[in-house]
Amino acid sequence: MSAAGNKKPNLEARTRVLNRLKRLEGQVRGLQKMVEEDRDCREILTLLSGVRSALEATGDLIFETYLEECRADLAQGQGDTKAIVEAVRLLRG
């Protein structure tokens, strides 16, 4: 959870991301169980939609944290705007 070259991790952001990922893990396990139990497709798709949204929100949080760290580096005369552009490209997929 730190920008390239940034040695000081944002522990609060890391905790938030890990909590979201743990919730996502539980939701994915729930999806697996629903498929194993041959549950109704609408129920499965509803949960799948929630998983997608939660995953995107987690990605947004990671990206926002990265941008804040890059902004702080740039304010100190460090950092590289190319890294920000690369991160945006990665996020777009």
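I began with helix H1, where glutamate 25 and arginine 29 lie 4 residues apart and are therefore separated by about one helical turn. I kept in mind from the start that this is a predicted model.

Next I looked up how the two side chains meet, and I found a salt bridge between glutamate 25 and arginine 29, at 3.0 Å from N to O. For accessibility I noted that glutamate 25 counts as partly exposed at 41%, whereas arginine 29 counts as exposed at 52%, a value that passes the cut-off because exposed means over 50%.

I then turned to another pair in helix H1, which covers residues 11-36: arginine 16 and glutamate 12 are 4 residues apart, so about one helical turn separates them. Their side chains meet in a salt bridge, with 3.2 Å from N to O. In this pair I recorded glutamate 12 as exposed, with a relative accessible area of 56%, and arginine 16 as partly exposed, with 36%.

Which residue forms a salt bridge with aspartate 40? I found that the partner is arginine 42, and that the closest N and O atoms of the two are 3.1 Å apart. Arginine 42 is exposed, with a relative accessible area of 63%, while aspartate 40 counts as partly exposed at 34% relative accessibility.

Finally I asked which residues are linked in a network of salt bridges. The entry I wrote down is that Lys33, Glu37, Arg39 and Glu43 are linked in this way. For the structure as a whole, I noted a total of 7 salt bridges.

Terms used:
Residues are numbered from 1 along each chain as its sequence is written. This is a predicted model: local features need pLDDT of at least 70, side-chain atom pairs count only at pLDDT 80 or more; totals for chains, interfaces and linings use all residues. Side-chain values use heavy atoms; hydrogens and water are left out. A salt bridge is a side-chain nitrogen of Lys or Arg within 4 Å of a carboxyl oxygen of Asp or Glu. Helices (H or I, at least four residues) and strands (E, at least two) are DSSP runs, numbered from the N terminus. Buried means under 20% relative accessible area, exposed over 50%, partly exposed in between (1.4 Å probe, protein chains only).
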